[in-house]
There are 2 protein chains.
Amino acid sequence: MGDEASLIIAASEQDANLYYATRFWAPDPFIFARIDGRGILVMSELEVDRARAESKADEVLALSKLLSEARQKGIASPGMVEALDLLFKERGVTSVRVPGSFPVAFADRLRAKGYTLTVGKEPFFPERTIKTKEEVAAIRETIRLTEEALKSAIGVIAESEIRNGELWLRGKPLTSELVRKLLHLTLMGSDCLARETIVAGGRQACDPHMIGSGPLKANEPIVLDVFPVSLKSRYYADITRAVLKGRAAPKVKKMYAAVKQGQEIAFGMLRSGVDGKGVHDAILDYFKKEGFPTGEIGGRMQGFFHGTGHGLGLEIHEPPRVSSAPDILKAGQVVTVEPGLYYLDAGGIRLEDDVLITETGCEILTTFPKLLELS
Amino acid sequence: MGDEASLIIAASEQDANLYYATRFWAPDPFIFARIDGRGILVMSELEVDRARAESKADEVLALSKLLSEARQKGIASPGMVEALDLLFKERGVTSVRVPGSFPVAFADRLRAKGYTLTVGKEPFFPERTIKTKEEVAAIRETIRLTEEALKSAIGVIAESEIRNGELWLRGKPLTSELVRKLLHLTLMGSDCLARETIVAGGRQACDPHMIGSGPLKANEPIVLDVFPVSLKSRYYADITRAVLKGRAAPKVKKMYAAVKQGQEIAFGMLRSGVDGKGVHDAILDYFKKEGFPTGEIGGRMQGFFHGTGHGLGLEIHEPPRVSSAPDILKAGQVVTVEPGLYYLDAGGIRLEDDVLITETGCEILTTFPKLLELS
């Protein structure tokens with residue numbers, strides 16, 4: 001009988017750890033407990049049959065049965081915590097390990113019932129950061145479909161013509177919104193879901209999370225950051241390119257070359273055992289040396305003021321990080337490499353590829369070419 | 001100086017309360033505190049400028065500044081909690097109200113620093129359930145676009161021909177996947193994001209959350225449950241229809257009529273001050289009287305074993321509920337009305353409309369016709 005249980009209460013649609021542990025996709029919160037190595041689900045009547053058919057849990061219990069058991073014991077309005085209490089008592093569980101994101105409301109009530117609750121360090125399932133062959137294949141497939149969509153989108157920008165400094169296509173101004181919709185529709189056509197896709201030109205791209213709006217302009221860089229999830233595999237890809245229709249200013253060309261070289265620095269350093277912080281700092285140093293400082297300039301953050309990369313998998317942002325915080329990388333992890341430079345007088349340049357960390361180095365999973373000026 | 005603060009730490013992309021309070025959309029967790037009625041954001045360098053431009057917060061602070069202040073005070077590796085501690089001390093905050101979903105990891109650390117943490121009841125912002133005119137207009141617009149997409153999808157089923165009991169369209173079997181993709185693409189074309197859309201025929205529809213797969217069959221009901229979010233307004237719609245190509249069995253016809261009448265019962269009862277439980281129970285009773293019992297039959301839940309409805313807004317499922325749990329409805333709330341009947345020997349029937357609760361009754365926002373048999 002199993003003393004310490006691991007516990008998650010969440011909707012797997014919003015909680016990748018829960019989906020990872022159960023491979024069951026549901027929109028409403030449910031209970032997952034691991035007791036003595038057995039995965040146990042407690043599901044509403046609405047989901048109990050589907051969970052039995054689809055999840056990889058060892059056991060699927062009906063919440064309604066536990067609730068009526070609780071009522072029989074005289075509990076007036078039992079809920080998830082009372083159901084859990086019955087389950088834990090039956091299985092001899094006295095202490096519970098939960099993720100940091102575990103809802104405080106449930107935590108307080110479990111503690112009030114005498115359980116010792118400990119908050120597990122992130123990543124809650126460390127093994128989740130190490131991708132299996134199947135997971136890498138799934139990420140590769142999402143990358144492939146993303147690259148196809150990116151090719152169409154950049155094709156449209158290349159095809160546009162310049163009128164009074166703006167891009168026009170087939171008699172209409174080419175906007176961020178149009179390019180974004182093209183990306184979203186192409187990806188949806190291949191069962192990938194993209195949202196908040198960034199198509200941001202000029203100064204807009206200086207806010208790295210601004211998705212961009214309005215007519216795209218000639219002679220200034222356009223950042224396309226596309227990060228869809230496959231609705232089949234549920235694994236993400238994350239790719240960024242910067243392109244420009246017309247002629248790039250010398251500063252923009254120099255920024256592009258520096259960002260590309262920043263990626264190369266990361267590709268050369270990334271391997272199992274390396275600290276992500278070392279990689280990030282090396283890029284920051286290189287940028288500074290090339291005349292691209294980072295910090296607040298005129299009340300706005302400029303330069304390279306985000307992390308170099310993040311883990312990629314069932315979440316778009318997951319451990320590990322390649323950033324200013326130390327994080328030792330391991331073989332089997334998939335991370336993005338996405339240095340960027342942002343200056344109000346030039347616009348934004350970001351290039352992002354996805355790589356698999358190996359024992360001896362890293363394998364670049366993305367294959368999309370890098371070319372600033374579109375002919 | 002403001003004693004009790006309200007506090008949320010989350011990613012607004014995943015937390016509708018946070019989006020509601022800030023109208024700022026971000027993929028990574030950030031801090032929102034309401035102190036003395038002022039909304040304060042603490043943002044990473046990546047988001048601070050965008051938050052100043054886009055959010056409705058009264059004040060946007062840079063996390064980095066608070067962190068360096070903490071470092072100056074000798075804290076080695078300050079994080080969000082240390083930043084909050086500085087902010088709270090400066091503003092005289094000693095107790096903090098958080099939502100039930102607040103991460104236990106942060107809760108424990110705030111309590112360890114001496115703050116009194118109380119868990120607010122749901123809904124955390126009760127005013128969020130009462131929709132403004134603008135919010136109702138936004139929901140109406142998503143409904144309109146959803147109805148357009150549903151019209152195309154049902155049109156395709158109507159247009160199909162029957163071959164050996166299966167539906168075929170233009171020389172190919174018509175599948176759940178094809179109809180779903182058509183819905184998703186049509187909706188994406190109008191800037192709405194749909195996922196997990198249900199197109200489930202026959203027995204598949206007996207699991208109300210099974211999305212459906214494979215060739216659609218003649219003479220059995222097909223449940224289409226479409227619940228997209230507008231990428232512009234971020235408000236949801238939620239509509240379900242059941243249709244059938246060919247001839248409906250007598251039981252299916254009777255189920256359809258009962259479910260439709262179940263909706264009418266709700267439409268007649270719903271108004272400000274009514275208990276959702278009363279509405280739900282009335283439908284359950286009516287179904288039973290009509291010969292459609294609910295419960296476990298042959299090891300599977302059958303009948304009407306989900307709630308009658310749920311609030312709709314920035315979330316697809318939000319308070320209030322119209323279900324077996326008491327919940328008093330208020331004017332200005334928008335809820336779904338979606339009774340269903342599911343029997344393994346007949347398939348599933350569910351009809352779902354969205355209604356606005358008013359002082360005197362309810363206004364049905366959906367207008368899509370209800371017709372079982374497609375000619």
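**Two interfaces, question by question**

Modeller: In this predicted model, domain 1 of chain A and domain 2 of chain A bury about 560 Å² between them, 66% of it on carbon and sulfur atoms.

Colleague: Which residues supply 59% of the area that domain 1 of chain A buries against domain 2 of chain A?

Modeller: Ala16(A), Tyr19(A) and Trp25(A) do, more than any other three residues.

Colleague: Why is the pair Arg23(A) and Glu135(A) called a salt bridge?

Modeller: The closest N and O atoms of Arg23(A) and Glu135(A) are 3.7 Å apart. The cut-off is 4 Å, between a side-chain nitrogen of Lys or Arg and a carboxyl oxygen of Asp or Glu. The value 3.7 Å is within 4 Å, so the pair counts.

Colleague: What makes Arg300(A) and Asp49(B) a salt bridge?

Modeller: Their side chains meet at 3.0 Å, N to O. That is within 4 Å, so this pair counts too. Across the interface of chain B and chain A the rule finds 9 salt bridges.

Colleague: How many residue pairs are in polar contact between chain B and chain A?

Modeller: The count is 22, with both residues at pLDDT 80 or more. The side of chain B that touches chain A has 21 nonpolar, 9 polar and 18 charged residues.

Colleague: What area do chain B and chain A bury between them?

Modeller: About 4,200 Å², 56% of it on carbon and sulfur atoms. Here 48 residues of chain B are in contact with 48 residues of chain A.

Key
Residues are numbered from 1 along each chain as its sequence is written. Chains are lettered from A and ligands numbered from 1 in the order in which they are written. This is a predicted model: local features need pLDDT of at least 70, side-chain atom pairs count only at pLDDT 80 or more; totals for chains, interfaces and linings use all residues. Side-chain values use heavy atoms; hydrogens and water are left out. Buried area is the accessible area (1.4 Å probe) that two parts lose on being put together, summed over both. Contact means heavy atoms within 4.5 Å. A polar contact is a pair of N or O atoms within 3.5 Å; within protein, one must be able to donate a hydrogen and the other to accept it, and residues adjacent in sequence count only if both atoms are side-chain atoms. Ala, Val, Leu, Ile, Met, Phe, Trp, Tyr, Cys and Pro count as nonpolar, Asp, Glu, Lys and Arg as charged, and the others, Gly among them, as polar.
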